[in-house]
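This report walks through one protein model, from its helices to its sheet and then to a residue in a loop. Please keep the sequence and the structure in view while reading.

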Amino acid sequence: GLGGVAGRVAWLVGRRDRELALEHLAFALPDLPEAERRAIARGTFLHYGHGAAEAAQIARIDPILTDYVAFAGEGEALLRGASQAGKGFIFVTGHLGSWELLARRIVRAGVPAIVIAARSWDRRLDDMVEAFRLGGGLPTLFREDPGGGRTLLRALRDGKALGILIDQDTKVQSVFVPFFGHLASTPRAAADLALRFGCP
């Protein structure tokens, strides 16, 4: 409930982010009525409020994580099979859904993993995120840190899963691919690594 309140407040006071969300939805879904686009955007703010509340309550969620976050169908068996193949594997998602809980759940399934991330504008925030993830057994590899490349390669060689969050244009090697009828800059690192190391 508190997460929902936080999301509603963010929708009301976050003028810049609200306008950006509406602008992007109009760009991607021009045929959708404006009222529906506003409902989607508002729901996104609520979703992030709920996600923040989950993170704040992680000490209560962790003991019941396997019930709280469930894999669909054969998802867990597929993850374990990829892990047991010993090549390491790469999973890619955006900042969608409960990505932090998903990563914790993958580790809880017995699949050792590491996530790659870009540092933010505030080292204290990075430290907080890093500690949160480590609490779930998930080290964070920051792209900008010296020796990061060697750590990444060692993780794959050790058969670990490498998690990459991709959902925006960043200053990394990219290719342009069609997305909602427009060309979008898309980071290529996940595909490059999978091809180079022959891992799923």
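## Helix 3 and what covers it

Helix 3 is made up of 23 residues (34-56) and reaches 33 Å from its first C-alpha to its last, close to the 33 Å expected at 1.5 Å a residue, where the expected span is 1.5 Å times one less than the number of residues. Helices (H or I, at least four residues) and strands (E, at least two) are DSSP runs, numbered from the N terminus. The model is a predicted one, in which local features need pLDDT of at least 70 and side-chain atom pairs count only at pLDDT 80 or more, while totals for chains, interfaces and linings use all residues. Residues are numbered from 1 along each chain as its sequence is written, and side-chain values use heavy atoms, with hydrogens and water left out.

The buried residues of helix 3 are R37, A41, F45, G49 and E54; buried means under 20% relative accessible area, exposed over 50%, and partly exposed in between, with a 1.4 Å probe and protein chains only. Their cover includes helix 1 (2-13), helix 2 (15-28), helix 4 (58-61), helix 5 (65-68) and helix 7 (99-108), with contact meaning heavy atoms within 4.5 Å.

Within helix 1, G3, G4, G7 and W11 are buried. These residues cover an arc of only 100° around the axis, so they lie on the same side of helix 1; the arc is that of the directions from the helix axis to the C-beta atoms.

On the face of helix 1 turned away from that buried side are the exposed residues L2, L12 and V13. The buried residues of helix 1 are covered by elements including helix 2 and helix 3.

## Aromatic pairs between helices

There are three aromatic pairs in the structure. Rings of Phe, Tyr and Trp (its six-membered ring) pair if their centres lie within 6.5 Å, and planes under 30 degrees apart count as stacked, over 60 as edge-to-face and the rest as tilted. One of the pairs joins W11 and F45, edge-to-face, at 5.3 Å centre to centre and with 80° between the planes. Because W11 belongs to helix 1 and F45 to helix 3, this pair ties together parts that are 34 residues apart in sequence. W11 is buried at 7% relative accessible area, and F45 is also counted as buried, at 13% relative accessibility.

Another pair is that of Y48 and W99, whose ring centres are 6.3 Å apart and whose planes stand at 70°, so that the pair is edge-to-face. Since Y48 lies in helix 3 and W99 in helix 7, the pair ties together parts that are 51 residues apart in sequence. Y48 is partly exposed at 39% relative accessibility, and W99 is partly exposed with a relative accessible area of 21%.

An open sheet is formed by four strands in the order 1-4-2-3, with parallel pairing; two strands pair if DSSP finds at least two bridges between them. Strand 1 (89-93) and strand 3 (140-142) are at the edges with a single partner strand each, so one side of each is left without a neighbour in the sheet. On average, neighbouring strands of this sheet are turned by 25° against each other, direction ignored.

Strand 1 runs parallel to strand 4 (residues 161-165) and is joined to strand 4 by five bridges, with A161 as the bridge partner of F89. Strand 4 also pairs with strand 2 in the parallel sense, over four bridges. G163 in strand 4 stands opposite F91 and also opposite V115. Four of the five residues of strand 4 are buried, so this strand is mostly covered.

Helix 8 (residues 123-135) lies across strand 2 (113-117), strand 3 and strand 4, running at about 150° to strand 3; axes are lines fitted to C-alpha atoms, for helices over the stretch in contact, and angles run from 0 to 180 degrees between N-to-C directions.

## V111 in its loop

V111 sits in the loop between helix 7 and strand 2 and is buried, with a relative accessible area of 1%. Leaving aside neighbours within four places in sequence, V111 is in contact with L79, R80, S83, F89, I106 and A161. The C-alpha atoms of V111 and A70, which are 41 residues apart along the chain, are separated by 15 Å.
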